[in-house]
Amino acid sequence: MIRFEQVGKVYPDGTTAVDDLSFEVAEGELATLVGPSGCGKTTTMMMVNRLIEPTSGRILVDGEDIARVDPVRLRRRIGYVIQQVGLFPHRTVLDNTATVPALVGWKKAKARARAAELLDLVGLDPKTYGPRYPAQLSGGQRQRVGVARALAADPPVLLMDEPFGAVDPVVRERLQNEFLSLQATVRKTVLLVTHDIEEAVRMGDRIAVYGQGRIEQFDTPAAVLGSPATPYVAQFVGADRGLKRLSVTRIEPDDLEEPPVARLGEPAAAAAARLRAQGARWAVVLGEHGALHGWVAADALARADGRDTVGEPARRMDAWVPVGAPLKQAFGEMLQHDAGWVAVLDGPRFLGVLTPAKLHEALRRSVDADARGVGRDEVDFDSVADA
Ligand SMILES: Nc1ncnc2c1ncn2[C@@H]1O[C@H](COP(=O)(O)OP(=O)(O)O)[C@@H](O)[C@H]1O
Ligand SMILES: [Mg+2]
């Protein structure tokens, strides 16, 4: 959808801002550009909507060389959230949000109706906030208006330059999560600039890690964290990259173990005998349609009254996560409930359990560790517990 082919930019004063950039962002994907200040992120972004022209190479949007597209027409297809939000101070929030639709010639009523819809989408009640002026909003609310405005003309491409930069960490995380759930619905092709590796990892389907004016690595968060391409990237992503990888690696059905199982209505004595034969000390208790009910200890079953079913001595299972959740969430559940394993569910249905050994295997799988040499020593569970 957005394709950079050996793109370079030398400013008239001789500064090389970027050199030989080649990467591609697929339709509906969110790529984060991350790197220290001055490494060329904003320049990269502004070349996509031709606010800056490259001095070499070419950029394709939707297969079309943008050098041949009229810049005004191009920008209609590209929403832009600029670094300092940049709302017009003397226009209401509603009119700020309606800026682009109005510019491209929508009727006023239609543009405003669309703006109200967008404000709602980013969590601002249009009745309350629409009539206000930007100065009457908090930093976080202004950032939301910036996002709403960029989405207003429903462009397929979105450029976001440090969109959550000007707010405190708590609000920032909330805005990030809101944007991710928004993105899950609107599926824009997004370039998001940040200098914060945590934000890059959390938001990006892919990350471009910038050194000075060039991309050192362009890959998925798991790959960047698991196998940094250069010593620079390794240093940039930090020594705790093993930890960060926990948050980007998701639980898959193949990661799970199948523990002994007892059925809710089954006689306790029968279940006890079966577990004894298997040498199992506990079992997962399942109800109808394989739904997780809880767990039961083998000796509790053995002590149960002759008429009891498995349901009576069964206990609740608090440590569980949905399949597809990040490993970090599973690990968090283990710690919080002091559990040796967590149940993994697909809706109400029990799929299996994740044990610490399996968790470690999953972490290795996430980066194709055998091929690329990620060692067990990189997974530092003690520091996870401290985090
Ligand atoms: N108009 C300009 N003229 C000359 N140099 C510029 C201009 N704009 C940016 N630069 C330089 O280009 C480099 C990259 O800048 P920029 O893309 O803004 O970086 P980032 O967004 O990563 O902080 C920096 O060295 C910056 O000083
Ligand atoms: Mg910048």
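Predicted model: local features only at pLDDT ≥ 70, side-chain atom pairs only at ≥ 80, totals over all residues.

On the α7 side, the residues in contact are G140, Q143, R144, V147 and L151. They meet V171, R174, L175, E178, F179 and L182 of α8. Sorted by class, the contact of α7 with α8 comprises six nonpolar, two polar and three charged residues.

**Aromatic pairs**

The structure contains five aromatic pairs. One of them involves F179, a residue of the α7–α8 contact, whose ring pairs with that of F164. The planes of F164 and F179 stand at 55 degrees, so this pair is tilted. F164 lies in the loop between β7 (157–161) and α8, whereas F179 belongs to helix α8 itself; the pair, 15 residues apart, links distant parts of the chain. Both F164 and F179 are buried.

W282 and W341 form a stacked aromatic pair. Here too, distant parts of the chain are linked: W282 is in strand β12 (residues 282–286), and W341 is in the loop between α15 (327–336) and β15 (342–346), 59 residues apart. W282 counts as partly exposed because its relative accessibility is 23%, while buried means under 20%. W341, with a relative accessible area of 13%, is therefore buried.

The geometry of these two pairs is set out below.

| Pair | Centre to centre | Angle between planes | Arrangement |
|---|---|---|---|
| F164 and F179 | 6.4 Å | 55 degrees | tilted |
| W282 and W341 | 4.2 Å | 10 degrees | stacked |

**The protein as a whole**

The secondary structure of the protein consists of 18 helices and 16 strands. Its C-alpha trace spans about 85 × 50 × 35 Å along the principal axes. Of the 387 residues in the protein, 48% are buried. Among contacts in the protein with a separation of 6 or more, 60% are between residues 24 or more positions apart.

Technical notes: Residues numbered from 1 in each chain as written. Chains lettered and ligands numbered in written order. Heavy atoms only, no water. Contact = heavy atoms within 4.5 Å. Helix = DSSP H or I, 4+ residues; strand = E, 2+ residues; numbered from the N terminus. Nonpolar A, V, L, I, M, F, W, Y, C, P; charged D, E, K, R; others polar. Phe/Tyr/Trp six-rings, centres within 6.5 Å; stacked < 30°, edge-to-face > 60°. Buried < 20%, exposed > 50% of the residue type's maximum accessible area, 1.4 Å probe, protein only.
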